[in-house]
Amino acid sequence: MSKYTLSVNGQSKTVDVAPDTPMLWVLRDSLGLVGTKYGCGIGECGACTIHVDGSPRRACQTPVSEVGRAAITTIEGLSPDGKHPLQRAWVELDVPQCGYCQSGQLMTAASLLKQDPRPSDAEIDKTMAGNLCRCASYTRMRAGIKRAAELAASGISDKGGRE
Amino acid sequence: MKPLRKSSPPAVDRREFIKVSALAGGGLLFGAYLRFGESVAYAESAPIAETFAPNVFISIAPNGAVSIIAPNSEMGQGIKTGLPMIVAEELDVAWEDVTIVQGDLNSAYGRQASVGSGSTVGNYTPLRRAGATARAMLVAAAAQTWGVPESECTTERSAVIHAASKRRARYGDLVAKAATLTPPENAPLKDPKDFKLLGTRVPGVDNQKVVTGAPLFGIDVKLPGMLFATYTKCPVFGGKPKSANLDEVKSRLGVRDAFILDGIETLTPGVAIVADTTWNAFSATDALKVQWDEGPVAAQSSAEMARQADQLAKATPPAPLPAGAKAVEAAYHYPFLAHATLEPQNCTAVFKNGVMEMWTPTQIPASGQGLVTRGLGLAPKDVIVHITRLGGGFGRRGSNEFSIEAAAIAKRLEGTPVKLMWKREHDFGHDNYRSNGWHYFTAGLDGGGKVVALHDAFVKMQGGPGDMSAGGFPFIAIPGSQVQSSKLPPGIPTGFWRAPGDNGNVWATQCFVDELAHAAGRDPVAFTLDLISAVPAPNPAAGGRGFDPAKMTTVLKLATEKAGWGSPRPRGEGLGFAITHTNNAYVAIVADVSVTRDGQLTVKKLTAAVDAGTIINLSAAEAQVQGAMIDGIGAAWFQKVTIEHGAAAQTNFDEYPMLRMNHAPKLVEVHFIKSVAPPTGLGEPGLPAAAPAVCNAIFAATGKRVRTLPIVDMDLKWA
């Protein structure tokens with residue numbers, strides 16, 4: 001066991017875990033942030049996507065010992081009030097089915113929109129292909145990303161976001 | 001423990017669950033409010049004063065807040081929103097006044113099994129009655145208060161109105177009076193034409209929690225002092241552990257215990273590892289070495305099954321075709337499929353003071369309870385089952401192995417809560433798979449291109465759903481047609497996979513009908529419409545569940561019209577269609593595909609027409625059909641579980657690819673037929689016709705017939 005002081009959603013958190021523990025389980029079991037989901041444990045499904053210093057990463061493939069003081073953002077910290085344009089669009093268009101993959105989908109989509117506020121279909125396909133949705137809610141997710149881009153452009157943006 | 005909130009309506013705080021411990025018609029509601037995952041064993045219970053609770057589903061507080069129980073398991077099909085909508089419609093309550101509370105397993109709720117697309121079908125009338133009864137009591141309370149006839153009172157948005165005297169009373173103001181009344185026997189139901197809420201688009205009640213990562217799912221349950229467990233079974237089905245390196249496992253970081261479980265009637269023997277974190281349990285599981293007694297199933301393989309299927313089919317040859325008929329023959333095969341719910345199987349349990357309390361993502365909570373009572377010798381009253389949200393169901397969580405596994409471990413750890421978590425590899429390795437299947441079709445066409453004979457030698461695994469009979473389309477359209485069904489020896493566990501039976505058999509039969517149309521030199525739509533019209537009108541004795549040719553004709557005409565059927569396409573592009581009558585819904589799907597010369601398939605557009613009776617929630621209904629179609633296509637395109645040495649060869653998503661955004665069709669249209677008939681199922685009917693529509697479109701585009709799934713195994717190159 002080793003102690004690690006982490007920056008998670010803007011807060012400093014200390015955990016005492018085995019060095020090879022993936023951030024997925026640090027978040028879920030040690031810090032009680034269960035929005036980040038376990039789907040495969042091998043970086044294939046994308047359900048555990050978080051941001052590390054603003055870039056999307058698979059939490060199941062990110063050992064706690066490698067994180068250092070990097071800023072970790074999880075779905076719980078994507079916006080201060082749950083009103084990120086993507087979160088608004090997802091609720092407005094009723095995107096989630098079972099919803100289990102959606103934390104990861106939203107984290108991947110958030111970094112896409114940050115890089116490209118008006119992504120093309122091809123860009124959306126390429127970026128989102130790393131996240132599988134077992135319910136196949138792809139039709140509405142694609143519409144949701146476009147709707148979020150509109151909301152952001154019209155000024156309904158996540159002004160208080162941490163990133 | 002959190003203090004109990006008295007007289008405080010649940011609408012104030014949607015983050016909380018209400019635990020109903022005693023309810024009776026017209027009586028008081030007793031309850032304790034619990035945060036997600038809190039234990040009822042620790043909670044106090046006290047009456048919530050002055051709440052009107054005319055039945056187990058509804059309570060209305062004096063401030064007007066309405067609480068409606070959602071009795072069934074939410075797994076993405078929208079049932080936690082849809083069933084309370086039915087109550088709210090008849091209650092005539094404003095939707096924004098409603099708080100939805102997930103029900104625990106409780107026989108008072110009626111049909112809590114969420115399988116067979118039956119949650120809405122089975123609960124529609126009871127929930128309408130529950131709402132209508134409460135409404136009638138509120139009307140009576142108002143009428144008595146005002147001294148006017150009930151017949152002069154109407155209701156609207158949580159209020160009773162007496163138009164003649166321009167009086168209006170909010171439901172909340174009527175609860176004290178209503179609670180003193182006796183529920184009427186036969187409160188009138190609305191005419192479906194007057195529905196205001198049903199048929200509209202209502203977003204899922206937990207969407208905000210989903211998009212903010214709030215705890216909802218079984219995997220999210222956390223109890224004070226909880227430990228984490230894995231349970232490893234023999235990779236070969238039916239095998240059991242003889243011995244394991246338990247001392248070595250127990251010496252690993254964070255491991256609290258490790259033991260073999262055997263001799264419990266409802267439990268597959270295996271090795272339990274209990275640790276302080278999920279990761280330490282997983283790491284110790286990777287270090288586990290077991291001597292297995294593999295048993296006889298080790299001799300089974302997919303290759304051997306294919307050989308046996310061929311032999312079995314040859315033993316049931318067709319009768320000679322009528323003289324002069326042209327023979328059309330084709331063999332179709334679909335493989336085993338895994339459910340691969342994205343949330344792996346899990347269950348949390350604590351055994352304390354003789355009571356097993358469980359938090360279970362299950363489609364059939366009563367079945368999980370049954371496994372625990374039988375396996376551990378507990379009375380049903382001592383096995384409490386809380387239903388969590390499910391990270392996907394698809395039929396997988398109709399079986400409840402995880403319930404008895406968690407309970408058996410919890411019993412051993414008496415007093416300590418434990419969460420059993422399957423690794424993804426456990427999940428792929430111990431599914432109840434969609435059975436593989438083989439169809440050997442022989443048909444005869446007369447000189448006019450009419451089908452005069454149809455024979456299907458069908459083979460599947462013994463056990464589980466998915467058997468074939470000549471009672472479905474197209475067999476019922478062809479007098480004298482025959483299905484002869486043979487079974488492979490048991491051993492590989494098979495079970496209910498979204499649209500059981502139809503998910504493979506409709507693919508095979510609908511592709512073969514398309515082959516027949518082409519062999520007859522006819523347009524496949526006209527050919528199929530002729531077949532449909534040859535089906536006798538349904539027998540009223542079938543209770544409205546028999547194949548109705550008029551309904552099928554309507555959806556096929558609508559889907560093909562919307563999709564532009566008949567417009568010429570260049571080589572490499574094509575339209576295909578298929579139909580299905582599944583869970584009594586009528587579905588026609590047209591697929592628009594392109595295949596490049598080097599064989600790259602793109603499904604560009606799907607167009608569905610659906611008659612599912614009354615639509616409860618248009619948003620959820622549309623999402624179910626969209627998702628089911630793409631699910632069906634993804635399974636047919638990419639997925640296959642192969643059995644080698646009596647075990648599943650695929651262990652994770654790298655070996656079992658699933659359709660992702662880049663392969664999802666850009667355009668997906670769903671057209672519902674307007675109907676006031678009772679609702680049919682809708683979680684499954686969108687699936688079966690999607691894959692055959694795509695395969696028939698591939699034929700139209702390339703001239704190549706896909707007769708073995710998955711499609712990805714076939715070379716679609718054309719020149």
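Below is a chat about a predicted model with chains A and B.

Visitor: Hi! Let's begin with chain A. How many helices and strands are there in it?

Guide: Hello! Chain A has five helices and five strands. Along the sequence they come in the pattern β-β-α-β-β-β-α-α-α-α.

Visitor: And what is its radius of gyration?

Guide: For chain A that is 15 Å, close to the 15 Å the globule rule gives for 163 residues, so chain A is as compact as a globular protein of that length. Its C-alpha trace spans about 45 × 30 × 25 Å along the principal axes.

Visitor: Nice. What percentage of its residues are buried?

Guide: Buried residues account for 61% of the 163 in chain A. On contacts, take the pairs at least 6 apart in sequence: 64% of them join residues at least 24 apart.

Visitor: Switching to the interface: how many residues of chain B are in contact with chain A?

Guide: There are 48 from chain B, in contact with 50 residues of chain A. On the chain B side, the elements that give two or more residues are helix 4 (207-212), helix 6 (278-286) and helix 14 (618-638).

Visitor: Which of them gives the largest share?

Guide: Helix 14 of chain B does, with seven residues. By class, the chain B side that touches chain A divides into 21 nonpolar, 18 polar and nine charged residues.

Visitor: Now for sheets. What is the strand order in the open sheet of four strands in chain B?

Guide: The order is 16-21-22-23, with mixed pairing. Strand 16 (326-334) and strand 23 (482-488) of chain B are the edge strands, each pairing on one side only. On average, neighbouring strands of this sheet are turned by 10° against each other, direction ignored.

Visitor: How many bridges join strand 16 to strand 21 there?

Guide: Nine, and strand 16 and strand 21 (residues 437-445) of chain B run antiparallel. In that pairing B:Tyr332 stands opposite B:His439 of strand 21.

Visitor: Which helix lies across strand 16, strand 21 and strand 22?

Guide: That is helix 11 of chain B, running at about 155° to strand 16 of chain B. Helix 7 (residues 302-314) of chain B also packs on the sheet, where it touches strand 21, strand 22 (451-461) and strand 23 of chain B. The direction of helix 7 makes about 145° with that of strand 23.

Visitor: Let's zoom in on helix 11. Is B:Ala508 buried or exposed?

Guide: B:Ala508, which lies in helix 11 of chain B, counts as buried because it has 27 C-beta neighbours inside 10 Å, and the cut-off for buried is 20 or more. Leaving aside neighbours within four places in sequence, B:Ala508 is in contact with B:Tyr332 and B:His439. Those two are the residues that stand opposite each other in the sheet pairing.

Visitor: Which helix do the axes of helix 11 come within 8 Å of?

Guide: Helix 15 (residues 690-702) of chain B, and the axes cross at roughly 30°. The crossing is right-handed. Residues that meet there include B:Trp507 and B:Asp514 from helix 11, and B:Cys695 and B:Phe699 from helix 15. By class, this contact has seven nonpolar, two polar and one charged residues.

Visitor: Last one: which residues of strand 20 in chain B are buried?

Guide: B:Val418 and B:Leu420 on one side, and B:Lys419 and B:Met421 on the other, are all buried, so both faces of strand 20 (residues 418-421) are covered. Strand 20 pairs with strand 11 (residues 227-233) of chain B in the parallel sense over three bridges, and with strand 17 (residues 346-352) of chain B in the antiparallel sense over four. B:Val418 is the bridge partner of B:Leu227 and of B:Ala349.

Terms used. Residues are numbered from 1 along each chain as its sequence is written. Chains are lettered from A and ligands numbered from 1 in the order in which they are written. This is a predicted model: local features need pLDDT of at least 70, side-chain atom pairs count only at pLDDT 80 or more; totals for chains, interfaces and linings use all residues. Two residues are in contact if their C-beta atoms, placed from the backbone, lie within 7 Å. Ala, Val, Leu, Ile, Met, Phe, Trp, Tyr, Cys and Pro count as nonpolar, Asp, Glu, Lys and Arg as charged, and the others, Gly among them, as polar. The radius of gyration is taken over C-alpha atoms; the globule rule is 2.2 Å times the number of residues to the power 0.38. A residue is buried if 20 or more other C-beta atoms lie within 10 Å of its own, exposed if 12 or fewer, and partly exposed in between; C-beta atoms are placed from the backbone. Axes are lines fitted to C-alpha atoms, for helices over the stretch in contact, and angles run from 0 to 180 degrees between N-to-C directions. A crossing is left-handed if the near helix is turned anticlockwise from the far one by less than a right angle, and right-handed if clockwise. Two strands pair if DSSP finds at least two bridges between them.
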